[in-house]
Amino acid sequence: MTGSPLGIVGAGAWGTALANAAAAAGSPVVLWTRDPDHARAMAETRANPRHLPGVALADAVRPTSALVELSGCDALLLVVPAQAVREVTEALALVLPVHAPLVICAKGIERRTGFFLSDVVADLRPGAPVAALSGPSFAHDVAIGLPTAVTLAAPEPLLASGLAARLSGRTLRVYHALDLRGVEIGGAGKNVLAIACGAAIGRGLGESARAALTARGFAELMRFARAYGGRAETLMGLSGLGDVVLTCASPHSRNFAFGERLGSGLPVEEAAGGKLVEGAATAEALVAMARARGIEMPVAEAVAGLVAGRAGLDETMDALMSRPLKAED
């Protein structure tokens, strides 16, 4: 195993799983966490029981809490919550060489500005390469070597294919694409849609209602993607439809589980259970961006209202079922 290390910024479950996957693909890895005690514990125990219990840390993974240790990495995966991307990128800009690509692994839209995450990064590191990684994946599956396929997108073909090859191994297949915007939209939108599907199940509305929400919500994402420069074929791939299928049907999805608890009648804070729910933070921004371009997104609107306490699930389903009868789009 030779060459410059790959940096992983964020030592949660997904960051740790990606660190192990990159190590298995042949890269030395620097795994950064902001908590010195966490970094020390991972280095000593060669595990991350706080976020990924039962999984050993690969020998090639070096935990650290010092940002400067990322300065020697030739590419970095930014595996932090969507709403923390700006703060962390500002800190990284002080230590990274300008040529080092930053791969966004969060799925969301910046709530305060309505910016796509790649635009946040580009604003803070002008001219630096940026990419996004997204697709149907659970951290534990990747960490224990279950077959998983995702998409990595960047505007430059050689950058996209090179980064994808850097992460691909025997059990993690990383396809590459050029449609950065489409990949970002699929990742952000599916979290919002998963909340709606979970709420339908929590309310006892049945599998048929969930299927209707999934299909109509996906049509919304297609309309949104077209309006914001994403390609339809990207949304039909792993980072769109593939992620929707996984997230909208599995109780292991944090967004689906949050929606299910909302549907059962729990208030928002209790439904979140102290955990980050990316779709809850993204819903309002997604709806505002849709309204700005006249895009009809009733499922996303309903989720935003549900999360904000403006509407209940019954109103959500009523809005869906009372839409004018017209050709599907």
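Two strands pair if DSSP finds at least two bridges between them. Keep that in mind for the views below, which come from a predicted model.

**View 1. Strands β1 and β4 lie side by side in the parallel sense.**
Here you can follow strand β1, residues 6-9, next to strand β4, residues 75-78. Four bridges join the two. Which residue of β4 is the bridge partner of I8? Look for L77.

**View 2. Eight strands make up an open sheet.**
Let's step back to the sheet. Reading across, the strand order is β3-β2-β1-β4-β5-β6-β7-β8, and the pairing is mixed. Which strands stand at the edges? They are β3 (61-64) and β8 (172-177); each has a single partner strand, so one side of each has no neighbour in the sheet. From one strand to the next, the twist averages 25 degrees.

**View 3. Helices α8 and α10 cross each other.**
Helix α8 covers residues 207-227 and helix α10 covers residues 238-247. Their axes come within 11 Å and cross at roughly 155 degrees. Angles over 145 degrees count as roughly antiparallel, so α8 is roughly antiparallel to α10. The crossing of the two helices is right-handed. Which residues meet here? From α8 come T214, F218 and L221, and from α10 come G240, L241 and V244. Sorted by type, the residues of this contact are four nonpolar, two polar and no charged.

**View 4. I195 sits in helix α7.**
This helix runs over residues 180-202. Is I195 buried or exposed? Its relative accessible area is 0%, and buried means under 20%, so I195 is buried. Leaving aside residues up to four places away in sequence, I195 touches N255, F258, G259, L262, V277, G279, A280 and V303.

Notes:
Residues numbered from 1 in each chain as written. Predicted model: local features only at pLDDT ≥ 70, side-chain atom pairs only at ≥ 80, totals over all residues. Heavy atoms only, no water. Axes fitted to C-alpha atoms, helices over the stretch in contact; angles between N-to-C directions. Parallel < 35°, antiparallel > 145°, perpendicular 65-115°, else oblique. Left-handed = near helix turned anticlockwise from the far one by under 90°. Contact = heavy atoms within 4.5 Å. Nonpolar A, V, L, I, M, F, W, Y, C, P; charged D, E, K, R; others polar. Buried < 20%, exposed > 50% of the residue type's maximum accessible area, 1.4 Å probe, protein only.
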